[in-house]
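Let's take a walk through this protein together. Have a look at the sequence and the structure first, and then we will go through it part by part.

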Amino acid sequence: MESKKSKRREGQPLKDHIVEFCREHGADLVGFAPVERWDEYGEVPPEFRPRFLFPEARTVIVMGIEIPLPIVETTPSVLHMELYNTANRKLDALAYDLTRHLNRMGYPSFFFGRDVYANLKALREKTLAAFSHVMAAKYAGLGTVGVSHCLLTPEFGPRVRLVSVFTGAVLPPDPMVEGDLCIKCELCALCCPQQCLTMRGDRVIGDYDKNACLDMAEELTRRRSYPCGVCIKVCPVGKDRLLYKRRGIRKKYLREREALSADPDDPDYRSWNHIRSYGLATGEGEKGGKETQ
Ligand code: SF4
Ligand code: SF4
């Protein structure tokens, strides 16, 4: 055990190099999880763990990029859809570049793309992705899982997209976040347009009606203004709220649907509505599905 630990410590210069590489290529967050954490915590079924998927894996490097809050606030909108697609392309490119960089350095590596499902029908048939970036990010010390099943990070709350690179390099792990970042404020559950989330008394992570969330995702995909992301928009966790001066607006989020059905021109929501009303044919984009990570 001791020799394993000292081997990991010896990997610090390589870890520093990888962090610099990831930052230079656009990652906002980078975390390192030793593959043993999946076995230690036992929360993920064995065939979904890194060593089952890539036996050479010793460390999983998780990268995250910010999804800027003011754009998420306009959901559902073409602007939000374009951000989502851009973030996904960027993440896949990041993971691909890091994988090839590590391979060139002699460390066998493999990446798992940020979504890896062909369409929403596939998610109805199999509700789990072949690998969870959310759990990888938790084990890499980037955050904790909230009521909404999203990863909450200190920096951006749930407004972050993730990708993972498995590598044969033995690298120093990052400490996991202690406690829960989710404050169980219930806002994600109250604002979900499909009532997909139900709070639990015995644990932080809520019950989640995946089929109801998929109904919304299908509707928004048809309207070309996916994903929904309301649960991501309203979560109060994240320092990004300070930057954008978006503290204490719980009531604004809670009354949005009612206010807009009473007055589509309500001044509190005028800018979001303006953005929503362009780029789509008339009548589209009025509703707010979780895409998995
Ligand atoms: S909105 Fe509140 S309850 Fe939901 S994940 Fe965020 S902090 Fe937790
Ligand atoms: S993505 Fe939308 S529909 Fe799905 S859980 Fe979040 S708020 Fe509800």
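## A residue to start from

Leaving aside neighbours within four places in sequence, which residues is Met63 in contact with? This is a predicted model, and in it Met63 is in contact with Cys22, Ala27, Leu29, Val30, Leu91, Leu94, Ala95 and Val163.

Met63 also belongs to the largest nonpolar core, which has 71 residues. Together with Val62 and Cys188, Met63 is among the residues with the most contacts inside that core. Helix α6 gives the most to this core, with 7 residues. As a general background, nonpolar side chains tend to be buried together in soluble globular proteins.

## The sheet

Now for the strands. Four of them, in the order β1-β2-β6-β3, form an open sheet with antiparallel pairing. β1 (29-34) and β3 (109-112) stand at the edges with a single partner strand each, so one side of each is left without a neighbour in the sheet. From one strand to the next, the twist averages 25°.

Thr59 has Thr167 in β6 as its bridge partner. β1 and β2 also pair in the antiparallel sense, over 6 bridges, and here Gly31 has Val62 in β2 as its bridge partner.

## Cover for the strands

Helix α6 (residues 78-104) lies across β2, β3 and β6 and runs at about 20° to β6.

## Around ligand 1

There are 15 residues around ligand 1, and Gly146, Cys182, Cys185, Cys188 and Cys235 come nearest. Cys188 is a residue you have already met in the nonpolar core.

## A look at Asn273

Finally, find Asn273 in helix α15 (residues 270-276). Asn273 has 16 other C-beta atoms within 10 Å, so it counts as partly exposed. Not counting residues up to four places away in sequence, Asn273 touches Leu260 and Pro264. Ser77 is 196 residues apart from Asn273 along the chain, yet their C-alpha atoms are separated by 9.0 Å.

How values were computed:
Residues are numbered from 1 along each chain as its sequence is written. Chains are lettered from A and ligands numbered from 1 in the order in which they are written. This is a predicted model: local features need pLDDT of at least 70, side-chain atom pairs count only at pLDDT 80 or more; totals for chains, interfaces and linings use all residues. A residue is near a molecule or strand if its C-beta atom, placed from the backbone, lies within 6 Å of it. Two strands pair if DSSP finds at least two bridges between them. Helices (H or I, at least four residues) and strands (E, at least two) are DSSP runs, numbered from the N terminus. Axes are lines fitted to C-alpha atoms, for helices over the stretch in contact, and angles run from 0 to 180 degrees between N-to-C directions. Two residues are in contact if their C-beta atoms, placed from the backbone, lie within 7 Å. A nonpolar core is a set of buried Ala, Val, Leu, Ile, Met, Phe, Trp, Tyr and Cys residues joined through C-beta atoms within 7 Å. A residue is buried if 20 or more other C-beta atoms lie within 10 Å of its own, exposed if 12 or fewer, and partly exposed in between; C-beta atoms are placed from the backbone.
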